Amino acid sequence: MRWLLVVLCLSFVAMSQASFAEPLNGRVIEKILVLKSAHQLQLINDGKPLKTYRISLGKRPQGPKLMEGDKRTPEGLYWVDWRKVSDRFNLAMHISYPNISDSARSRREGVAPGGMIMIHGTPDTEENPESLFHTLDWTDGCIAMRNMDMREVWNLVPDGTMIEIRP
């Protein structure tokens, strides 16, 4: 009987953290588009960008993520599949990397694909103020944004939203 209570509690927690996104100018966000070369994250509706944000990428921003630890941001089609409040990075939305193609490639090459790729905020402490990070590529492969931008994206983008990451 305790396991049933645990399952119900976990279900409640999961539902309470699920995103009930607000529309932007009456429009629902259909897709996130990341343009790595432009350092942009765009919120897309009806094929058009509704809002654009400046982002930071992995320390080696050129090229797709090939394996765990390569400091690259993936390229391809993914989903925002869950989110959390992060002690280090404020808010964080998980990207469903690796996809089937990424997993198949890493299996062929005999390497681990890596994981835990997120869209997240930026550290903001006295010794490391947020402004230090905003124009650098500093992550281990994630997509980082200013905290105020991350709060906005968090509120606008529901879990299950497609994210396309282009070179």
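Predicted model: local features only at pLDDT ≥ 70, side-chain atom pairs only at ≥ 80, totals over all residues.
Residues are numbered from 1 along each chain as its sequence is written, and side-chain values use heavy atoms, without hydrogens and water. Local features need pLDDT of at least 70 and side-chain atom pairs pLDDT 80 or more, whereas totals for chains, interfaces and linings use all residues.

Helix H3 spans residues 147-156 (helices are DSSP runs of H or I of at least four residues, strands runs of E of at least two, numbered from the N terminus). Its buried residues (under 20% relative accessible area, 1.4 Å probe, protein chains only) are Asn-147, Asp-149, Met-150, Val-153, Trp-154 and Leu-156. The elements covering them include strands S2 (40-45), S3 (48-54), S4 (76-86), S5 (90-95) and S6 (118-120). Over the ring of Trp-154 sits the charged end of Arg-83, 4.7 Å from the ring centre (criterion: NZ of Lys or CZ of Arg within 6 Å of the centre and within 35 degrees of the ring normal).

Two aromatic pairs were counted (ring centres of Phe, Tyr or the six-membered ring of Trp within 6.5 Å; planes under 30 degrees apart are stacked, over 60 edge-to-face, the rest tilted). One of them, Phe-89 with Trp-138, is tilted, at 5.9 Å centre to centre and 40° between the planes. Phe-89 lies in the S4-S5 loop and Trp-138 in the loop between S6 and S7 (143-144), 49 residues apart. Both residues are buried.

Lys-65, in the loop between S3 and S4, is buried at 4% relative accessible area. The side chains of Lys-65 and Asp-70 are joined by a polar contact of 2.9 Å.

Conventions: Buried < 20%, exposed > 50% of the residue type's maximum accessible area, 1.4 Å probe, protein only. Contact = heavy atoms within 4.5 Å. Polar contact = N/O pair within 3.5 Å; in protein donor to acceptor, adjacent residues only side chain to side chain.
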